[in-house]
Structures are given as C-alpha cells and as structure tokens.
Amino acid sequence: MPLRLEVRQQPYHCEFRLSWGEGQQLPPVSLPQPPVVLEAYQQWQQAYLTFYRSFRGRVVGVGNLSDVEDRRAQLVQAEAALLTEFHNWLRNPSLDDLRRQIAHLARECSVQAATQAESKPSLTLFLTCHPIELERLPWEAWEIGQELGTVTTIRIARSPDQIRANPLKQTRLGRNRVLVVLGDDTGLDFKADREAIKGLAAIADIHFLGWQPGQDSTALLTQITQAIIDPQGWDVLLFAGHSNEATPKGGELAVAPNLTLTLNELAPSLSIAQQHGLQFALFNSCSGLTIARTLIDLGFNQVAVMREPIHNRVAQEFLVQFLRRLGQYQDVHEALIAASQTLRLEKNLTFPSSALIPSLFCRPGQPLFRFRKFGWREWLRQLRPTRQQTLGLAGLVGLSLLLPVQGVLLEQRMWSQALYRRLSGQVAATEPPFPVTIVQIDEESILKAGISVPNPMDRTYLAALVDQLRQRQARVVGIDYVLDRPAQDPADDQAIATSIQRSVEQGTWLVLASIRGNQPEWSSSLPEINFPSPPPNWSLSADIAAHSPYFSLVDPWAEPTQTPLPFSYLLALAAELEVDSAAEAPRPTLRSQSPLITQAITYLESDQTSHTEQISPRSRYHPITVLAYWLRQMWLQPVIDYSLPPDQVYQTLPAWQLLEKTTATPLSLNNQIVILAPGGYGEAGIVPGQDNFDLPAAVRHWRFWQADGNTSLTIFTGGEAHAYMVHHLLTQHLIVPLPDLWMIGVAAIAGQTTVLVLRRQPITRRAGYLWVLGATTAYGIASLQLYVSAALLIPWLLPSLTFWVYALPVVNSLKTNPKYPLVD
C-alpha cells in the first residue's frame, strides 16, 4: 500500500500532506519554517567538507584521514546538533494526527504480515520534498517507527515531485545483467570498485565500460550510448566517478578527463534502456540529487545516489556493503539500509556522518528491484517462445507428425547417408555370417520358361527351382510366394509338394509365405496336400509383408503358432539354428509331432547362448513404438539401412541361370540364406505389381556409382527388402530413428539457449550468422556419423529449422559492427 508524505515549503510555513491507499488523505498540516534546522545543516555540511577534504568530486583541499581528531569532533558535534534540531522540528504537536495515522497503517501492515507469515513486516513512506533545500536534509534519520513504538519497520524512500514517463511494464527475463560505467578516474582508484562488482559474477553478467588513455572522446560517448541501448537490456546501471547536480542539465557525469556528459544528453538512450528492462541505477558519485530526480522522471523504478560529495574510500566501503546485500538477493532498499547501518555502527569512527549520505529514490507502487535467482524454474521460464517462435514451432511440429512428410525426409536422409558413407570411406559393412542370395524370377526368366500368366506363379517352375536349390545344398530357403490356394492342375501342387518334401528330408529349413489379407485369419503356407505331418511341423510360416523403409518387427506378445513371425526374422533364426551343433537343437523333419516354431522357441528359451540376442534385441517392438501406433506414428521403429551398398548385403541370381547351370551359377549354396522371390516383373505380388517398390534414393545412388552411371534398374523388390532385413538381423545393424517431434523439442531448447548466449556476447551480425551456420553444420555432421557409428538416426532438417526459428531473429538484430568492447 503506497504511503506518501509530501513536504512543501510555502512562503511562511512548511506544508505536510499525507496520503495513502486509493485516494485517502489527511488535511494538510502546517509547520513553521525550520531556519534553525537549515542553519544546523549548513554548519554540518561545512564540518563534513572540512573533514573529508577530497571527494569523488574535485579536490577541495589537501589532507588525509590521519591527525584530524579536532575536525572529527567538530563533525560529530555538528551531526548531533543537526539531528537534534531536525527531530525537534518533526516532533511538533501539529504532526500528531499524521503520526497517529502512520501508526495505524503500520499496525494494519503488521496484521497483514502476520496472516502471510512474514517475519519482518515493513511499511515504506515515500517522501517528496520541495524545494531542494528541504530535500538535502537527512530524512532517512527520521526514526518515526521508534517514535511510534510500532513493530512494523517504517522505511523512508524518496520520490521526486515530477514523474512523467510510464512505468516499466515488463521486466527482463534470463540471467541478471549489470552495466558498469567507470568515469573519469582523476584522483580516484577504481580497483576496489572493480573487485566489489566482480563479486556479483556468480549471479549476473558484469560488463565494464570506461575511458581508456588515448581514446577519442566521440568514440567514448558513442560506446556509452550504444552500450546503454543494448537490445538485450540491463537490470542495473552502475556509475562510479565524478558527478555533480548541474540542475538545469539534469545532472552531470565526468566520463573522462575534461569530458562531461549530462543526463539530459543521455535521456533518449536511458529511456530506451528503461523500455528494455532497466529498473535500477546506482550512482556511487558525488551530489546525485538532481540525477535521481531526472532518472525517476524518465521511468526508472529506483535510483540510489549520494546526496553530498563523497570521499573515495567511503564510496568504496558503501559499494562493498551494498553489493554484498544485493548478492544475497535483498531488495535495493534493504541493501541500502543495511549498508548505511554498517557505515554508522561499524565504520563511524573512520567515516563519521557517512551513513547520512546515501538515499534511495523510488517510483511509488513499483516493486523494489532485487536480483533474480536463476534456478531451473527461471531457466524454463526463459525457454518460453515468443509469438513468432510459437507460430514457427507449431508449423514444424505439424509437419513432423505427417507420415508422408516423414517418408520424404527419411528418403532424403538415406540418400545423404549413402553419400556420406561413400565420401568418408565408411562403406564396408559388417560381414554377415550367412551370405544372402536372392534367386529372382525376373522378366527374362519368365520369357525363357514360356510362362504366359505369371500370377499366380507356375508351381512346376517353382518346384524346379526348389530342386535346384536342394541339389546345391541350400540349407535355409525362403519362398516369397504365397502357395495357400490350390493350382488349377492338381499335378502342379503335387510337383511343388514333392520338391518341398525332398528338401525337408535333406534337412533344409523352409520359410514359407503367409498373409493376413482382409481376413482376421492368416493364410496357410501350403495347399491341402497329403503330407506325412502338417506343414507347420517341419516348416516355418512367415509374414511376408514388407513395410519399406521400416523394419518388420517381432511382436513379443503374439503367439507365434497363431501369428506368423516376420519373414526376415525367421530366415535369420533358421540360419542360426542350422549351424547350432547341440544335440537338442531342433531340426526340420517330416516326422515331427509338434510345430517347428514351437520347438525353436522352446530351445532358444532354454539355451544359454540365447540366439535371439545374437540376432538383435532391437528386432522386437519397443513399448513406445506400440504406443505411437495409437497416434499413427512410427516412433523408434527401426528402418532399413539402404545407405549400405546392395552388393554388400545380398547377391542376385536370375532364376533362368540357376536352371540352365551357366558359369555364373554357384556350384554350392551351402551356408547361405536363399530367398526365392519375384524379380521385378509387372505382375509380381498378391495384387499385380504389389511386390514392386519405387527404388530408394540411396540404392539408386549406389547403382549409379557401381554401374558407371547406368540406372536402368528402377524397381526395388520385396525380396531385396527382405534381404536387407536379414542382413541387419544377423549383423545386429538395426537403425533406430529418433522422432522428429522429440528432436524439435531439443532443438527449441538449444535454440533458446543459443539466443541467451548470443545476447550476452557483443558479436557482429556476420559472426552470428557464422555461429548459427557452424552449429547446424556441426550438428549435421555429428548426426551423419552417429548413424554410422551408433546405428542412431537423428533427424536434421526440421530440428535445424527449429533452431533457426529461434536464433536467426536475434542474429538479424545484431549490429554489423561490434556494439562495444568489454573492459576487463
């Protein structure tokens, strides 16, 4: 609650007006003019000036602080006389109603503080005096709280009679910033000042600015004004040096030898600084009454000044004590009162009357400045985006959630990764323990075989291929054709059945295709043919769906006898079990009495070597991925690494070459995984053409470079996608992409942090652009390398755009030249 006391000198008396709250006031009270008090003040001022001799003003005389007991005694006596006459004047019975009202308000303040659990209730009395002769009196020494016997501490702050500027509407956020202007040091030593100010470095950024020998005066004035209007804003402006009242000019500061700067000249810059968040100024210099009045009129919330000339050592001692309290997060009024009490109680013998000099001018109704505690809450508060940043962030978040956009970005990232592998020489992939060979029934094979209708594929042709694989000792074979429906000619079904039985009798692991289609049940892997035992007992039924570029994952919650496992996973699992020499290891046999997949899982769960871990623990659904499906997202679902050259992942063999036994046909396919799959003919797939995918950009890149620019092959088959997945499972090379949405959040934090860093650094706009460009380039290179080294896909484009949304507006606001140098 603002409590105001206006003391105004009239022609024959002094008028006291007390007001508070929302327009409440007492009738004006008149006291006789205090000629005795003013005379006592002049005598005290003379004794004060005589004792200290030299000040943070111009040298008045010659002398030091030793051997002056007589002057000390004179000053102490003059102070006592001044305070006695001053208090006697204020104890006039005419002020009884005023004192009673203040006591009543103090009691109300105590009650309110008790309800709010405040241990030290206080009430601030804003004092306005006119003319300046009354303002020079030591009103801070008026111990009105003790006179009234109140529990509440009554603090006196000064307020000028003229305040025209609007108050500060929004304070700065972020780390505290202090601008220190060191003026003309003639006869002064700022070493102690610097040390005291640097003590705040733990809680504030300290920027020193001052005259340097040989510096041009125009350049110095430009630096001062440019520093004051820094768009990052300041919390505190601190001036140390020589100053004087210079009433018509609003106060005068000596910023260099023979160079002064008036407050009227600085007013435009100070107004801008106030709009940027500057709340408090401390002028640790001489005769600052006019300076304080001018700054409060410009819109400052609080200004601390010395009303009289001040000795250099006294100013330094006050600064040390004042800043120590500020560093303890006390408000400026508490800090000033505590520093003054230290001068009065602990330094009075050395610096008599110095406690009467400091004064705090305030704008009533505004919060007292104190340094912000910069903890995690403040850090989070700084991260709040602006309106423009929010719009940009919302747009990028929306894009990151669109699956088509994700697909385009992933496609281009794979291409970039392939290019990076080639340029960096990191092409060689981990050699799989079982090479993968794709026997492709391509267009040429169909023509050579005279097949007129390749969908469904001729069963006798498939049987011939299975026989050839058996003859070449292929031990793990996956057939990427659905054989659930009977052929038109039963002889065709018998042919494929005979070939399959012969392969199983040889011990071949067969992985047969199954699909769900539009029905909830999965299709059978073979038509109804009389086998010695059901096909699931000696073959593995697999889900052949390929969701390129995403990996086909194992559902750990599904029952494998009811829900087929992915085609690539079963091929890798069969290869692992094939080379297992343990007697307990399952083997495909036509006389098996239980499903082969059940035998395999039972064995693996009891096996100490755990082949499931050898294949890859990432081959199973992550809980976050399952949750993301509800949001129609693919978070953390591994992707197929098309950045690896195809010739390091698999080999292709046209079906016609296998049947004709050309020189290109391998004599043995033992210890290999063979995938019998369509080779790109137009009718391939359950629905004609369904098995043919657009060629991934990364694979196109490798085909271009490995075929000397020939890119005639533009189709990528499902069999090739399965081959990549088998390779990744066997080499534990599953690339996990971090969601764009997550990295946008990280980039937003990094961008806002960068904004805070850039605002603290006096760098040029060009340097800012280079900094932002360098950061995003380094991030891009790091993400490319982490993909290769850690199998982690960290998105680049959308996070980088997010970073730019935050950083570029700040960089654009930087000057083309450095704003000002820092003085260490």
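A crossing of two helices is called left-handed if the near helix is turned anticlockwise from the far one by less than a right angle, and right-handed if it is turned clockwise. Keep in mind that you're looking at a predicted model.

**Exercise 1. Describe how H18 packs against H24, including the hand of the crossing.**

Step 1: Helix H18 (residues 567-578) and H24 have axes 8 Å apart, at an angle of about 45°.

Step 2: name the arrangement. Angles from 65 to 115 degrees count as roughly perpendicular and those under 35 as roughly parallel, so H18 and H24 are oblique to each other.

Step 3: pick the hand. Using the definition above, H18 crosses H24 in a right-handed way.

Step 4: list who touches whom. H18 brings Phe567, Ser568, Tyr569, Leu571, Ala572 and Glu576, while H24 brings His722, Met725, Val726, Leu729 and Leu730. Sorted by class, that contact has eight nonpolar, two polar and one charged residues.

**Exercise 2. Work out how H14 and H26 are oriented, and what their contact is made of.**

Solution. Step 1: helix H14 (residues 403-424) and helix H26 (residues 765-790) have axes that come within 10 Å and cross at roughly 80°.

Step 1: H14 and H26 are therefore roughly perpendicular to each other.

Step 2: Arg413, Met414, Ser416, Gln417, Tyr420 and Arg421 in H14 meet Ser783, Leu784, Gln785, Tyr787 and Val788 in H26. The class tally for H14 with H26 is five nonpolar, four polar and two charged residues.

**Exercise 3. Find the largest cavity and say what kind of residues line it.**

Solution. Step 1: the structure has five cavities of 30 Å³ or more, and the largest cavity holds about 80 Å³ of space.

Step 1: its lining consists of Val181, Ile224, Ile228, Leu237, Phe239, Leu253, Val255, Leu261, Leu263, Leu266, Leu270 and Phe283.

Step 2: Helix H7 (217-228), strand E9 (236-240), strand E11 (252-256) and helix H8 (263-275) each give two or more residues, with H8 supplying the largest share, three residues.

Step 3: sort by class. The lining of the largest cavity has 12 nonpolar, no polar and no charged residues.

Now try the second largest cavity, with about 50 Å³ of space. Phe434, Arg475, Val476, Ala575, Glu578, Asn670, Asn671, Gln672 and Ile673 line this one, and they split into four nonpolar, three polar and two charged.

**Exercise 4. Which residues are closest to the centre of the second largest pocket?**

Solution. Step 1: about 1300 Å³ of space lies in this pocket. Of the 44 residues in the lining, Asn455, Val482, Gly685, Ile686 and Val687 are closest to the centre.

Step 1: among the elements involved, H16 and helix H24 (718-730) each supply at least two lining residues. By class, the lining has 22 nonpolar, 11 polar and 11 charged residues.

Step 2: take a second look at Asn455. The peptide bond from Asn455 to Pro456 is cis, with omega near 5°, and Pro456 sits in the loop between helix H15 (443-449) and H16.

**Exercise 5. Where are Pro549 and Asn258, and what marks their backbones?**

Solution. Step 1: Pro549 is in the loop between strand E19 (540-543) and strand E20 (565-566). The bond from Ser548 to Pro549 is a cis peptide bond, with omega near 10°.

Step 1: Asn258 belongs to the loop between E11 and strand E12 (259-262). Phi of Asn258 is near 60°, a positive value in a residue other than glycine.

Notes:
Residues are numbered from 1 along each chain as its sequence is written. This is a predicted model: local features need pLDDT of at least 70, side-chain atom pairs count only at pLDDT 80 or more; totals for chains, interfaces and linings use all residues. Side-chain values use heavy atoms; hydrogens and water are left out. On a 1 Å grid over the protein atoms alone, a cavity is a set of points where a 1.4 Å probe fits but cannot get out, and a pocket is an open set with protein on both sides within 12 Å along at least five of seven lines; lining residues have an atom within 4 Å of a point. Grid points are joined across faces, edges and corners, and a volume is the space filled by probe spheres set on the points. Helices (H or I, at least four residues) and strands (E, at least two) are DSSP runs, numbered from the N terminus. Ala, Val, Leu, Ile, Met, Phe, Trp, Tyr, Cys and Pro count as nonpolar, Asp, Glu, Lys and Arg as charged, and the others, Gly among them, as polar. Axes are lines fitted to C-alpha atoms, for helices over the stretch in contact, and angles run from 0 to 180 degrees between N-to-C directions. Angles under 35 degrees count as roughly parallel, over 145 as roughly antiparallel, 65 to 115 as roughly perpendicular and the rest as oblique. Contact means heavy atoms within 4.5 Å.
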